[in-house]
Amino acid sequence: MISSYSEGHICVIEFFRPKANAYNFEFMQLFSSTIAELEKCADIRVICIKSGIAGFFCVGADINDFASNDTDQNRRLVRLANQVAVTMQSSSKLYVSAVNGHALGGGLEIMLATDIRLGADSTYKLGVSEVSLGLMPGNGGTQRFARIVGLSQALEYCVSGAIFTPQKAYSMGLLNQLLPSNTFDSAVLEYCERIARGAPQAIASIKQALYQGISMGLNDALKLECSLADSLYDTADADEGLNAFLEKREAVFNGR
């Protein structure tokens with residue numbers, strides 16, 4: 001259901017639960033434990049989440065399981081999915097979702113919890129359709145959706161359950177980039193490789209400044225930014241970056 005492989009500073013997590021990557025508790029446990037192991041690996045800087053099933057990224061919770069479970073079982077699943085999302089967003093590593101198929105409900109919420117979202121320029125569907133089941137997004141979907149695309153659009157899609165296209169997702173800022181579908185996998189890997197060459201401590205500090213700062217008042221957020229920026233000046237990576245610039249070469253950062 002969950003596999004992973006590494007290439008340099010990048011690790012790819014691949015979903016494979018036919019036919020649509022609908023997740024159950026076992027799937028989410030494997031996803032959680034895979035991420036927990038990768039979080040311990042200092043050499044991994046970028047984690048890319050993709051699907052091994054053509055036409056589907058993830059369609060959220062398995063409705064058949066959800067309907068047959070009791071309320072406590074379903075709450076356990078939702079809490080675990082929430083924990084996974086928080087781990088990704090609070091990590092010093094960068095999480096990238098590579099979407100080349102339907103991403104619905106909890107699948108879209110997994111996307112929302114990643115730092116960067118890359119989509120194939122194709123004909124798949126996206127949406128948070130929980131309202132059609134008498135439910136609502138419960139894995140951080142309402143909050144992250146609104147912070148990414150704005151309150152008005154997030155509210156409209158959450159209360160209507162309306163489906164939208166990857167082209168619409170890109171236009172509203174949900175997808176950072178829309179890449180050609182025929183070269184999608186190679187373009188995603190190239191993108192991840194480019195980001196993975198960045199200075200790890202600087203990237204971690206940027207994530208912290210943005211995610212924590214957005215919920216603060218401006219003065220407190222600026223103080224946080226200043227503190228984080230100050231912490232980088234004496235690092236080996238800062239020396240390397242400045243020397244590489246002066247020597248007109250590409251910097252090689254080691255995370256120190």
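Biologist: How do you know that the span of helix α1 agrees with its 15 residues?

Modeller: Helices here are DSSP runs of H or I of at least four residues, strands runs of E of at least two, both numbered from the N terminus. The expected span is 1.5 Å times one less than the number of residues. For residues 25-39 that should be 21 Å, and the end C-alpha atoms of α1 are 21 Å apart, so the two agree. Bear in mind that this is a predicted model, where local features need pLDDT of at least 70, side-chain atom pairs count only at pLDDT 80 or more, and totals for chains, interfaces and linings use all residues. Residues are numbered from 1 along each chain as its sequence is written, and side-chain values use heavy atoms, with hydrogens and water left out.

Biologist: Which residues of α1 are called buried, and what makes them line one face?

Modeller: Buried means under 20% relative accessible area, exposed over 50%, and partly exposed in between, with a 1.4 Å probe and protein chains only. Phe 27, Met 28, Phe 31, Thr 34, Ile 35 and Leu 38 are buried in α1. Seen down the axis of α1, they fall within an arc of 125°, so they line one face of the helix; the arc is taken over the directions from the axis to the C-beta atoms. An α-helix has 3.6 residues a turn, so residues three or four places apart point the same way.

Biologist: What covers those buried residues of α1?

Modeller: Going by contact (heavy atoms within 4.5 Å), the cover includes β1, β2, β3, α3, β5 and α4.

Biologist: And why do the buried residues of α11 count as one face?

Modeller: In α11 (residues 236-246), Asp 237, Glu 240 and Ala 244 are buried. Down the axis of α11 they fall within an arc of 55°, so they line one face. They pack against α9, while the face turned away carries the exposed residues Leu 242, Phe 245 and Leu 246.

Biologist: What makes a space a cavity and not a pocket?

Modeller: On a 1 Å grid over the protein atoms alone, a cavity is a set of points where a 1.4 Å probe fits but cannot get out; a pocket is an open set with protein on both sides within 12 Å along at least five of seven lines, and lining residues have an atom within 4 Å of a point. There is one cavity of 30 Å³ or more, and the largest cavity holds about 50 Å³. α3 gives the most to its lining, with four residues.

Biologist: How many residues line the largest pocket?

Modeller: The largest pocket is lined by 26 residues, and α9 gives the most, with nine.

Notes:
Points joined across faces, edges and corners; volume = space filled by probe spheres on them.
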